[in-house]
Amino acid sequence: MATELKTIVVTGGAGFIGNHLCEKLLSKGNKVICVDSFITGSKRNIQHLLTNKNFEYMGHDITTPLKLSGFDELYNLASPASPVDYYKKPIETLFAGSFGVKNTLDLCKANNATFLQASTSEVYGDPKEHPQKETYFGNVNPIGPRACYDESKRFAEALVVNYMRQYKLKTRIARIFNTYGSRMRKDDGRVIPNFIIQALKGKPLTVYGKGEQTRSFCYVDDLVEGLILLMDSDYPMPVNLGNQEEFTMLELADKIIEMTGSKSKKEFLPLPQDDPLQRNPDISLAKKLLKWRPKTKFDEVLEGAFLRVNERYFQGVIEQPNLQWGQDSFRKLAHYNFHNDTVTVSTLFQKARREILDYLMYHELLHKYHQFSHRNGRSSFHTREFRKAEERYPKQKEIEREIGNIASRRKSWKWW
Ligand code: NAD
Ligand code: UDP
């Protein structure tokens, strides 16, 4: 039976999670209308979607009412989300979680559409219950520096359940725990982009407090899958979505230093006020209700990401991909896989390997050509010239042999 395709509004669709959600919904054949004010998001995040005829973008701040009709669902992701962002814009954050949520709820009410609120683990504050279940009421300082975010999200949940109770609106609430992945803003101040960029630049990793506080990080593709499953369910109460792999920020810093092969040290800075000391979701409800669980292992993605030296995530961080560094990580990984048949690899991980192989092959050849053209009195070249040269120059055989060597080495790698 063919699934009926929907028209779906994603507010905050140009943000980190939002653009991945738009991408996924489009890939399922839906029409997507992304509404965003770009207060913390960026047009770059949706650039790759603009040519899709099913994608529409609308510049709008949801704290003022918006006019839209003829849609089936609305995912409300519009809110600053990184502590650095909401410390700078506390009033905008409070308004997004209050007026913004009211306006988007009213829009759904007028269109008889289903509403999903992107809530957060921050509603638990600095939790006294661990791991956190949906039934835990939380421990939040209502006037601290994080209150603009935490309290606006708590108010938003109260508003959503009361629209559901009083107006019989179809509503969902996702309590999202720390999420990471590609297209996070490199300056958004969250710990993963901070540490990766510091490590890549050889700068000290800024660990807040003693680094004993814990977090558990969910890969964005897993999270997006959970959001869609929740929207498709008929459950109106909050559901935790997150990964349960929990570690301290000190362990995270060490992991990133090790994986990047960076020489960076750690620098200890004061712990921000009210920074939660531990965080880990109890996801029994999501498992039971949505048959959802995160599939992606943190180490695999991170290692994959480091290998994708040309990936947009690092654009502007490392100006020139570092071949030596790429080769070292790659060899380490190849070695690991040779000796570990049972390793489970995600699609992303395999793609990363392929990319690094292409990258290495290209650079090895480029290097060869560089030597060759240097010997032949040519010092500048680029890819097109290189291709032409393959045909033109008598050393072609040497280059072909090299391609052959690389290709046969490639076949001998077990996982290829
Ligand atoms: P983000 O800052 O990258 O994206 C938020 C997007 O919303 C941005 O594009 C921003 O421009 C837009 N926006 C903000 N206020 C707006 C307004 N008033 N009108 C229109 N657009 C507005 O953040 P993110 O990490 O993608 O988070 C998305 C949602 O998920 C947020 O609601 C956040 O609270 C929630 N969440 C995220 C995480 C996480 O780890 N990333 C964890 C828990 C909850
Ligand atoms: N953190 C850190 N160094 C950084 C950025 C963050 O040690 O450069 C810590 C921060 O104090 C918090 C954890 O990392 O305990 C996660 O911070 P993030 O801002 O990513 O998200 P939060 O969970 O606080 O919303």
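Modeller: Let's start with a term: a residue is near a molecule or strand if one of its heavy atoms lies within 4 Å of it. This is a predicted model, where local features need pLDDT of at least 70 and side-chain atom pairs count only at pLDDT 80 or more, while totals for chains, interfaces and linings use all residues. Residues are numbered from 1 along each chain as its sequence is written, chains are lettered from A and ligands numbered from 1 in the order in which they are written, and side-chain values use heavy atoms, leaving out hydrogens and water.

Colleague: Thanks! How many residues surround ligand 1?
Modeller: There are 30, and the closest are Ile-17, Asp-36, Thr-40, Tyr-149 and Lys-153.

Colleague: What lies 3.1 Å from a nitrogen atom of ligand 1?
Modeller: A backbone N or O atom of Ser-37 does. That is a polar contact, a pair of N or O atoms within 3.5 Å; within protein, one must be able to donate a hydrogen and the other to accept it, and residues adjacent in sequence count only if both atoms are side-chain atoms. Ile-39 also has a backbone N or O atom 3.0 Å from an oxygen atom of ligand 1.

Colleague: And how much of ligand 1 does the protein cover?
Modeller: It covers 96% of the 820 Å² of accessible area that ligand 1 has on its own. Accessible areas come from the Shrake-Rupley method with a 1.4 Å probe, and for residues only the protein chains shown count as cover.

Colleague: OK, switching to ligand 2. Which residues come nearest?
Modeller: Of the 18 around ligand 2, the nearest are Asn-194, Thr-206, Arg-215, Asp-275 and Arg-279.

Colleague: What does Arg-215 do there, in distance terms?
Modeller: A polar side-chain atom of Arg-215 sits 2.6 Å from an oxygen atom of ligand 2. The side chain of Asp-275 has an N or O atom 2.6 Å from an oxygen atom of ligand 2. For Asn-194, a side-chain N or O atom is 2.8 Å from a ligand 2 oxygen.

Colleague: New topic: how many disulfides does the structure hold?
Modeller: It holds 0, where a disulfide is a pair of cysteine sulfur atoms within 2.5 Å.

Colleague: Is Cys-34 buried or exposed?
Modeller: Cys-34 is buried, with a relative accessible area of 0%. Buried means under 20% relative accessible area, exposed over 50%, and partly exposed in between (1.4 Å probe, protein chains only). Cys-108 is buried too, at 0%.
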